[in-house]
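Q: Before we look at any single feature, could you walk me through how the strands, a buried residue and a helix pair should be read here?

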Amino acid sequence: MAQSLGQRLEAEATCPLCLELFSAPVVTECGHSFCGRCLRAVLGTPPRPAACPQCRAVVAPGSPRPNVSLRAVAELAAALAEEARRPLCPEHGEALGLFCQSCRCPLCPLCREGPPHRRHRVQPAAEAARELRETLQSNLGFLRKEREEFKPRGEEKSVSLLGRMASERQSLRDAFQQLQRCLREREEALLAQLDRARGELAEERRAYVSSVSERKSLLDTLITEIEKKRDQPVVEFLMDVGKTLSSCEAAKAPIPEPVSPELQRTIESLSETNQLVMGAMAKFKANLLSETDRERVKVTLDPETASPYLFLSKDCRTVWLGEWQQNLPDTPKRFTGSPSVLGSPGFTAGRHYWELEVGDGDSWAAGVAVESVQRKDSLSLAMGKIWAMRLDWDRRYTALHMVPAPLALKEEPRRIRVHLDYEAGQVTFYNAENMTQILQFKASFTETVFPYFWLWSQETSIQLCA
């Protein structure tokens with residue numbers, strides 16, 4: 001009960017912006033409190049009227065006042081947290097000065113009187129530690145002897161597996177080389193056929209252009225000749241009229257086709273073959289990627305869970321923070337205590353990953369959350385059900401789970417891969433551009449796990465990668 005009250009006290013003393021215990025808290029005219037530095041960042045430099053991060057009411061510069069009472073509560077919460085880190089009995093909060101020999105665990109005086117240990121042999125912790133150190137010392141000689149005689153045979157299995165991996169590596173290399181050789185041979189054959197058809201087409205085009213030029217020249221010559229000849233005297237006109245008539249018949253002969261039917265059929269056949277080859281290669285590439293990358297999943301944003309302040313694209317793959325609150329039904333699934341949204345599908349087993357792009361903006365978070373995550377309370381109260389990384393307004397990265405922890409990153413990732421291993425209880429974040437590991441959480445999942453996203457800046461959007 002004391003621990004629960006302490007957690008509640010810490011939650012009440014946590015700033016909703018930085019999610020840390022209040023530092024020099026101030027209260028706005030609308031009744032909401034924030035760290036002084038957090039609210040100064042919202043008002044900007046120079047200060048200007050801005051919307052309250054909690055209720056969107058206007059906060060005028062100079063209107064917030066110091067919250068002395070809340071500052072005292074925050075200091076008390078920090079003192080309680082410091083005291084909680086001392087090695088005390090988790091049940092009674094007393095010093096662990098006794099040791100139960102039957103259960104082999106430290107006890108406080110109140111534990112000693114409880115039913116589980118009342119009939120057990122109990123001794124002072126210092127005396128028990130002295131005896132157990134002697135026992136461990138006697139075991140040390142035995143363990144050293146065991147180490148000298150220890151001859152594990154697991155290396156044989158490792159050597160066998162190494163040989164197997166080397167063989168599979170060579171087989172894979174040979175298979176790809178054969179495939180590449182086959183593709184090169186087919187490429188060269190198709191290119192040679194295309195080059196031959198191109199050469200024939202160029203030759204027929206030259207012949208066609210030459211025929212067209214000759215016909216045009218003949219027509220010009222005949223027109224000039226006939227116009228001159230029709231006015232000649234009878235005998236002079238009849239002397240070479242036969243030659244002119246022969247030239248007219250030649251001018252009426254059809255010009256050869258620009259592309260022969262045989263060549264046209266050859267080109268169309270080659271085009272069909274090329275389309276089939278490119279289609280087959282596209283299918284092969286898609287099948288190869290899908291068969292070898294089985295862990296990648298297509299994640300979309302679930303509109304039924306989105307906060308009224310979050311806007312989703314039509315394909316449910318992009319989310320951004322709006323300027324106003326949408327009129328959406330307040331269902332049990334919907335986040336109303338924080339600008340959050342879950343992804344779909346959820347996972348109850350297996351290894352899965354998805355990627356997202358965050359651009360250059362700040363005030364975002366991405367990761368996973370279990371189905372029972374609190375959706376009507378602030379983000380600080382939902383921490384225990386979320387495993388995520390966040391970029392704060394001051395460009396600092398944070399690991400979000402229970403108590404936020406700072407992250408020291410050498411670079412700012414723009415494309416992030418989130419990898420979930422349900423059975424192993426691992427959530428790992430990578431910079432998808434160079435696959436550098438950013439962060440890894442250890443957990444124990446017993447319910448459905450969903451992709452999770454949070455936004456607190458209108459200059460930022462999160463886009464799920466296809």
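A: Let us begin with pairing: two strands are taken to pair if DSSP finds at least two bridges between them. In this predicted model, strand β19 (residues 426-431) is joined to β20 by six bridges, and the two run antiparallel. Within that pair, V427 stands opposite F441 in β20.

Q: What is the strand order of the open sheet of seven strands?

A: The order is β10-β11-β22-β13-β18-β19-β20, and the pairing is antiparallel. Because β10 (310-312) and β20 (436-442) each have a single partner strand, they stand at the edges, and one side of each is left without a neighbour in the sheet. On average, neighbouring strands of this sheet are turned by 25 degrees against each other, direction ignored.

Q: Is S33 buried or exposed?

A: The step of reasoning needs a cut-off, since buried means under 20% relative accessible area. S33 has 16% relative accessibility and therefore counts as buried. This residue is found in strand β2 (residues 33-35), and its side chain is joined to that of N67 by a polar contact of 3.0 Å. Leaving aside neighbours within four places in sequence, S33 is in contact with P16, F22, V26, V27, N67 and L70.

Q: At what angle do helix α6 and helix α8 pack, and how far apart are their axes?

A: Two packed helices are described by the angle between their axes and the distance between the axes. Helix α6 (residues 154-229) packs with helix α8 (residues 241-252) at an angle of about 145 degrees, and their axes are 10 Å apart. The crossing in which α6 passes α8 is left-handed. The contact is made by R215, L218, L219, L222, E225, I226 and K229 of α6, together with V241, T244, S247, C248, A250, A251 and K252 of α8. By class, this contact of α6 with α8 has eight nonpolar, two polar and four charged residues.

Notes: Residues numbered from 1 in each chain as written. Predicted model: local features only at pLDDT ≥ 70, side-chain atom pairs only at ≥ 80, totals over all residues. Heavy atoms only, no water. Helix = DSSP H or I, 4+ residues; strand = E, 2+ residues; numbered from the N terminus. Axes fitted to C-alpha atoms, helices over the stretch in contact; angles between N-to-C directions. Buried < 20%, exposed > 50% of the residue type's maximum accessible area, 1.4 Å probe, protein only. Polar contact = N/O pair within 3.5 Å; in protein donor to acceptor, adjacent residues only side chain to side chain. Contact = heavy atoms within 4.5 Å. Left-handed = near helix turned anticlockwise from the far one by under 90°. Nonpolar A, V, L, I, M, F, W, Y, C, P; charged D, E, K, R; others polar.
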